[in-house]
Amino acid sequence: WNKFGCDIDENLIRQTADAMVSSGMKAAGYQYVNIDDCWMAKERDANGDLQSDPVRFPHGIKAVADYVHSKGLKLGIYEDAGTATCAGYPGSLGHEQQDARSFASWGVDYLKYDNCNNTGAAAQPRYTAMRDALAATGRPIVFSLCDWGEETVQNWGAGVGNLWRTTGDINASYGSMLSIFHSNVALSAAAGPGHWNDPDMLETGNGMSTVEDRSEFSLWAEMAAPLIDGSNLLSASADTLSILTNKAVIAVDQ
């Protein structure tokens, strides 16, 4: 999302999976290729099921998942705990069980669940509904709570999901990165095996200096943060890849 926004399609996801392998990212331990907002059609189908955008993802999400799996990687998808996603596509509020079944049937391994258009309803019950729906599918799906650090999510996130955003969105600036670090580091007591504070995706490779990129990666590793890069791996520089695949720093994170 950090790099491409809505400018995504199935070819980009396949190429990114290829790049995860060829760049050394997979060998360094990265597992997930995550699709963010804008993958959906603007309307549900006649049965009320989510469907992929017929132009961006003409072969459907299951075909993309199958390709990603063939590379030894896992696929992440995006939805929203409101009536619509942040970009205006159908949300999962009131459709939790139906959508969770779709994700499981497609072979999805990770769900980022956003908080736009939430009708003002409390977050914990909305996120818990999707937790239960995912569990009912029987498929292991990592559950990422993206409620921007609101409603003291660090106090209840561990019982609902695997990771939870602790702040608003990051951008590719040293000031943004440092501000998020200071907010997130204060919440360290909430994190532990299987449940992590999420200071948002890494901006490594998205325009900061190499020293700033290295600083961000080091701080995220020290905070046991999920290491999810939001840059374009297809054009990643040697410097960017050397930072992202530094096994000694990744070992600190893990």
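Modeller: Two strands are said to pair if DSSP finds at least two bridges between them. Strand 4 and strand 5 meet that criterion with two bridges, in the parallel sense, and L145 stands opposite W164 of strand 5. The model is a predicted one, in which local features need pLDDT of at least 70 and side-chain atom pairs count only at pLDDT 80 or more, whereas totals for chains, interfaces and linings use all residues. Residues are numbered from 1 along each chain as its sequence is written, and side-chain values use heavy atoms, with hydrogens and water left out.

Colleague: How many bridges join strand 2 to strand 3, and which residue is the bridge partner of D80?

Modeller: Strand 2 and strand 3 run parallel and are joined by five bridges. The partner of D80 is D114, in strand 3. At the other end of the strand order, strand 5 (residues 163-165) and strand 6 pair over three bridges, again parallel, with W196 as the partner of L163.

Colleague: Why are strand 1 and strand 6 placed at the edges of the sheet?

Modeller: The sheet is open, with six strands in the order 1-2-3-4-5-6 and parallel pairing. Strand 1 (32-34) and strand 6 (196-198) each have a single partner strand, so one side of each is left without a neighbour in the sheet. Neighbouring strands are turned by 25° against each other on average, direction ignored.

Colleague: What makes the unit of strand 3, helix 5 and strand 4 right-handed?

Modeller: A crossover is right-handed if, with the strands pointing away from the viewer, the path from the first strand over the helix to the second runs clockwise. Strand 3, helix 5 and strand 4 make a β-α-β unit of this hand, and strand 2, helix 4 and strand 3 make a right-handed one as well.

Colleague: How do you know that the span of helix 5 is close to the expected one?

Modeller: The expectation is 1.5 Å times one less than the number of residues. Helix 5 (123-137) has 15 residues, and its 22 Å from first to last C-alpha is close to the expected 21 Å. G138, with a positive phi near 80°, follows helix 5.

Colleague: Which way do the residues of strand 3 point?

Modeller: Y110, K112 and D114 point one way and L111 and Y113 the other, and all are buried. In strand 4, V142 and S144 point one way and F143 and L145 the other, again all buried.

Colleague: Why is S235 counted as exposed?

Modeller: Its relative accessibility is 55%, which lies over the 50% limit, and S235 is therefore exposed. S235 is found in the loop between helix 7 (210-222) and helix 8 (238-244).

Colleague: What makes a group of residues a nonpolar core?

Modeller: The members are buried Ala, Val, Leu, Ile, Met, Phe, Trp, Tyr and Cys residues joined through side-chain atoms within 4.5 Å. The largest such core has 61 residues, and I35, W39 and W220 have the most contacts inside it. I35 touches, among others, I8, F57, V64 and Y78, residues up to four places away in sequence not being counted. A second, separate core of five residues includes Y110, V142, L163 and M201. In soluble globular proteins, nonpolar side chains tend to be buried together.

Conventions:
Helices (H or I, at least four residues) and strands (E, at least two) are DSSP runs, numbered from the N terminus. Axes are lines fitted to C-alpha atoms, for helices over the stretch in contact, and angles run from 0 to 180 degrees between N-to-C directions. Buried means under 20% relative accessible area, exposed over 50%, partly exposed in between (1.4 Å probe, protein chains only). Contact means heavy atoms within 4.5 Å.
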